[in-house]
Amino acid sequence: MTVAIAGASGQLGRLVVEELLRAGEAPVAIVRDPRKVADLTERGVEVRQADYGDTTALDRALAGVDRLLLISGNEFGERVAQHTNVIRAAERAGVELLAYTSIPGATENPLILAQEHRGTEAVLAESTVPYTLLRNSWYWENYLGGLAHAVESGVLHGAAGQGRVAGASRADYAAAAARVLITDGHEGRVYELGGDDRLTYAELAHAISEAAGKPVRYENLAEADYAAVLEKAGLPAGYAKALADADTGIAAGVLDVDSGDLQKLLGRPSTPAVEVFRAALS
């Protein structure tokens, strides 16, 4: 059985490759730029070059692949078209199972960030490729970009109100994806994946405080004000708007996943937020 990861040079993709190697598998790493994974080549991992926009390269990269993890791309506004290219190439290659990294409740999720996931899921639903949906909630690593500022200033800003986010570590989601790729019985399944820590932002600030050994409190802002804070910190306006919109979604409960699917796939509890923050600050 040949297992491939599309998007293997990214942070999640690399972790999935490592999980598969630990499990004794010989994964195929599909990447845009093989130079970014030269270390994997040196370790004997087969690396194939393909961009999500290059159908010819995708056909070459998916030749002989039995199971494929399609990690969602990062070119916002282009992702449905790019993911469709991968799905069509998987059809042509006769891929037996395609697992896609989506977002919780994608079909009804109102977040800006959910739109392209919803579009991709619709393409999968009409395709001939058997598939599994890995609807990942937030990574605790999503908060690392603002971690140093929160610790230094003593304030975590957001627009999530009293809403809870069921986060987990990126490694947790990678381990779950690897499990789906190398075990049977996942075809047609929709996994709503969220961690054991279901934290309000006030509790998130406490976890940061515990990890840093310094007091950090949460300050709730209106969505527009939070977007302005993110822009001031250097984020592009569109991305700042999407992140502020995500916080409003958290306030409404759209990322408070309590299905237990992640824990079942892992066979253990998820990684606590404080451990992720402590490791980042050490």
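This is a predicted model: local features need pLDDT of at least 70, side-chain atom pairs count only at pLDDT 80 or more; totals for chains, interfaces and linings use all residues.
User: Which residues of α8 are buried?

Analyst: The list is Y201, L204, A205, A207, I208, S209 and A211.

User: And what follows α8?

Analyst: G213 does. Its phi is positive, near 75°.

User: New topic, the sheet. In what order do the strands run?

Analyst: The order is β3-β2-β1-β4-β5-β6-β9. That makes seven strands in an open sheet, with parallel pairing.

User: Which strands stand at the edges?

Analyst: β3 (46-49) and β9 (190-193) do. Each has a single partner strand, so one side of each is left without a neighbour in the sheet. From one strand to the next, the twist averages 20°.

User: How many bridges join β4 and β5?

Analyst: Four, in the parallel sense. β4 spans residues 67-70 and β5 spans residues 97-102. R67 has L97 in β5 as its bridge partner.

User: What packs on the sheet around there?

Analyst: Helix α1 (residues 11-22) packs on the sheet and touches β1 (3-6), β4, β5 and β6 (131-136). The direction of α1 makes about 165° with that of β1. Helix α4 (residues 79-93) also packs on the sheet, touching β4 and β5. The direction of α4 makes about 175° with that of β4.

User: Over to β2. How many bridges does it share with β1?

Analyst: Three, again with parallel pairing. I5 stands opposite A29 in β2.

User: Are the faces of β2 covered or open?

Analyst: Both faces of β2 (residues 28-31) are covered. V28 and I30 are buried on one side, and A29 and V31 are buried on the other.

User: What about the largest nonpolar core? Which residues touch the most other members?

Analyst: V16, L68, L69 and L98 do. The core has 56 residues. Its largest share, eight residues, comes from helix α7 (residues 170-182).

User: What is L69 in contact with?

Analyst: Setting aside neighbours within four places in sequence, L69 is in contact with A4, I5, A6, V16, A99, T101, L134, A177 and L181. There is also a second, separate core of 31 residues. Among its members are A114, W140, A160 and L204.

User: You mentioned α7. Is D172 buried or exposed?

Analyst: D172 lies in α7. It is buried, with a relative accessible area of 1%. Leaving out neighbours within four places in sequence, D172 is in contact with L262, L266, R268, S270 and T271.

User: Now α5. Which of its residues are buried?

Analyst: E116, H117, T120, E121, V123 and L124. They cover an arc of only 160° around the axis, which puts them on the same side of α5. On the other side, A125 and E126 are exposed.

User: What do the buried ones pack against?

Analyst: The buried residues of α5 pack against α4, β5 and β6.

User: And how far does α5 reach?

Analyst: α5 (residues 115-126) has 12 residues and reaches 17 Å, close to the 16 Å expected.

User: Back to E121. Why does it count as buried?

Analyst: Because its relative accessible area is 7%, and buried means under 20%.

User: What does E121 touch?

Analyst: Not counting residues up to four places away in sequence, E121 touches S102, A106, T107, L133 and R135.

User: Last one, A224. Buried or exposed?

Analyst: A224 has 58% relative accessibility, so it counts as exposed. A224 lies in helix α9 (residues 223-232). The C-alpha atoms of A224 and K241 are separated by 7.8 Å. Those two residues are 17 residues apart along the chain.

Notes:
Residues are numbered from 1 along each chain as its sequence is written. Side-chain values use heavy atoms; hydrogens and water are left out. Two strands pair if DSSP finds at least two bridges between them. Helices (H or I, at least four residues) and strands (E, at least two) are DSSP runs, numbered from the N terminus. Axes are lines fitted to C-alpha atoms, for helices over the stretch in contact, and angles run from 0 to 180 degrees between N-to-C directions. Contact means heavy atoms within 4.5 Å. The expected span of a helix is 1.5 Å times one less than its number of residues. Buried means under 20% relative accessible area, exposed over 50%, partly exposed in between (1.4 Å probe, protein chains only). The arc is that of the directions from the helix axis to the C-beta atoms. A nonpolar core is a set of buried Ala, Val, Leu, Ile, Met, Phe, Trp, Tyr and Cys residues joined through side-chain atoms within 4.5 Å.
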